[in-house]
Amino acid sequence: MTWLVTGGAGYIGAHVVHAMVAAGERVVVLDDLSTGDAGRLDGLPAVPLVVGSVRDRGLVRRVLREHGVRGVVHVAGKKQVAESVADPLTYYAENVAGLVALLEGCRAKGVTRFVFSSSAAVYGTPDVDPVPEDAPCRPLSPYGRTKLAGEWLLRDCAAAWGLAATSLRYFNVAGAAHPRLGDTGAANLVPLVFAALDAGHPPVVLGDDHATPDGTGVRDYVHVADVAAAHLAAARALTAGSPGGTYNVGRGVGCSVRDVLRVVAEVTGADTTPTVAGRRPGDPASVVAAVGHARRELGFTARRDLHDMVGSAWTAWRRLSADAVRG
Ligand code: WQD
């Protein structure tokens with residue numbers, strides 16, 4: 001069967017495409033290339049790239065029909081928290097209205113298997129640690145609210161017309177399975193630290209007065225290659241007849257900002273002594289996944305550690321910098 005991967009030219013989406021193809025799945029990609037890079041699909045000649053938006057209803061139906069799509073992995077979407085606060089309309093249009101348009105196409109074409117890119121941002125500031133999937137969801141940003149709304153929509157479609165849908169709540173994604181697949185977004189901690197080092201500036205710690213062991217924010221960092229493996233496991237479970245579900249995608253291990261800075265120093269040899277600024281508004285002290293549900297039901301366990309993430313991210317970052325110099 002053929003899977004449509006939306007956002008398949010993006011940082012996470014391209015890792016999903018490579019993992020699914022390597023596992024023998026047939027894939028077609030829909031990506032508007034607003035942040036995606038077609039070069040991430042180099043080496044995959046059998047994967048058609050259709051350039052366009054999930055909000056283009058005619059295009060979605062044509063792709064589903066022409067490629068005989070039987071399942072969708074929906075990764076396309078906007079995912080920057082601060083940007084979503086400044087521009088909620090764009091986030092609801094892309095992340096919610098885009099999902100509505102895609103699901104209308106799926107219903108029209110009889111596509112009933114759906115894997116959805118959700119986020120730990122749906123939890124907001126959890127009051128349990130680690131946080132299980134049945135914890136209260138109180139998202140703190142428009143971004144997180146669009147992801148929670150997406151989950152609700154999928155559950156309602158499942159009840160109404162038999163959609164089998166799985167939502168994957170990513171925690172903090174980092175690393176690269178190959179140097180050409182690195183995160184070019186530079187909006188999350190690891191690439192931000194690299195950018196500071198490249199600029200000759202100390203990294204900035206956003207708050208060292210959190211209720212955590214060393215006072216800095218604790219997160220559950222998970223390698224993007226493991227995140228891709230979780231998508232493959234979810235797709236295969238749906239193919240095997242699973243009705244779908246909601247799963248955390250993390251390691252179940254909390255790392256502080258200082259932990260990350262220490263590993264960056266080990267990997268790069270750089271001095272990562274930071275400057276300390278105030279907390280970011282709405283930043284939870286600690287967000288760590290409970291990972292038993294995905295292990296039991298999907299057979300998924302993240303295998304790579306923080307050193308793998310930082311090391312692979314640094315290799316990809318240096319390649320990106322070298323490419324930029326070459327122009
Ligand atoms: C990580 C930690 C910061 C930058 C994001 C988004 C979303 C979601 C989860 C997918 C925090 C600290 C950061 C810096 C710092 N994933 N920090 N200095 O905020 O946990 O959430 O990932 O949907 O992408 O919600 O990620 O990388 O911004 O911050 O000290 O320069 O690093 O305070 O503790 P975050 P982040």
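This is a predicted model: local features need pLDDT of at least 70, side-chain atom pairs count only at pLDDT 80 or more; totals for chains, interfaces and linings use all residues.
**Stop 1: N248**

Select N248, which is found in strand β11, residues 246–249. Is N248 buried or exposed? N248 counts as buried because its relative accessibility is 1%, and the cut-off for buried is under 20%.

Now show the side chain of N248 and look for its polar partners. The side chain of Y123 makes a polar contact with the side chain of N248, at 2.6 Å. A polar atom of the N248 side chain also lies 3.0 Å from the backbone oxygen of A290.

**Stop 2: the D129–P130 peptide bond**

Next select D129 and P130. A cis peptide bond joins these two residues, with omega about 5°. P130 is located in the loop between β5 (113–119) and α5 (142–161).

**Stop 3: L33**

Move to L33, in the loop between β2 (26–31) and β3 (49–51). What is the backbone phi of L33? The value is positive, about 60°, although L33 is not a glycine. L33 has a relative accessible area of 30%, so L33 is partly exposed.

**Stop 4: G7**

Select G7, which sits in the loop between β1 (2–6) and α1 (11–22). G7 counts as buried because its relative accessibility is 9%. Leaving aside neighbours within four places in sequence, the residues in contact with G7 are G13, A14, L30, D31 and A76. For a distance to display, pick the C-alpha atoms of G7 and V51: they are separated by 9.9 Å, and the two residues are 44 apart along the chain.

**Stop 5: α1 and α7**

The crossing is right-handed.

Show side chains on both helices. From α1, the contact is made by Y11, I12, H15, V16, A19 and M20. From α7, the contributors are V224, V227, A228, H231, L232 and A235. By class, this contact has 10 nonpolar, two polar and no charged residues.

**Stop 6: α4 and α5**

Finally, select helix α4, residues 88–109, together with α5. At what angle do α4 and α5 pack? The angle is about 20°, and the axes are 9 Å apart. Angles under 35 degrees count as roughly parallel, and α4 and α5 are therefore roughly parallel to each other. The crossing of α4 and α5 is right-handed.

The α4 side of the contact consists of P88, Y91, Y92, N95, V96, L99, V100, L103, C106 and R107. On α5, select P142, Y143, R145, T146, A149, G150, L153, L154, C157 and W161. Colouring the contact of α4 with α5 by class gives 15 nonpolar, three polar and two charged residues.

Technical notes
Residues are numbered from 1 along each chain as its sequence is written. Side-chain values use heavy atoms; hydrogens and water are left out. Helices (H or I, at least four residues) and strands (E, at least two) are DSSP runs, numbered from the N terminus. Buried means under 20% relative accessible area, exposed over 50%, partly exposed in between (1.4 Å probe, protein chains only). A polar contact is a pair of N or O atoms within 3.5 Å; within protein, one must be able to donate a hydrogen and the other to accept it, and residues adjacent in sequence count only if both atoms are side-chain atoms. Contact means heavy atoms within 4.5 Å. Axes are lines fitted to C-alpha atoms, for helices over the stretch in contact, and angles run from 0 to 180 degrees between N-to-C directions. Angles under 35 degrees count as roughly parallel, over 145 as roughly antiparallel, 65 to 115 as roughly perpendicular and the rest as oblique. A crossing is left-handed if the near helix is turned anticlockwise from the far one by less than a right angle, and right-handed if clockwise. Ala, Val, Leu, Ile, Met, Phe, Trp, Tyr, Cys and Pro count as nonpolar, Asp, Glu, Lys and Arg as charged, and the others, Gly among them, as polar.
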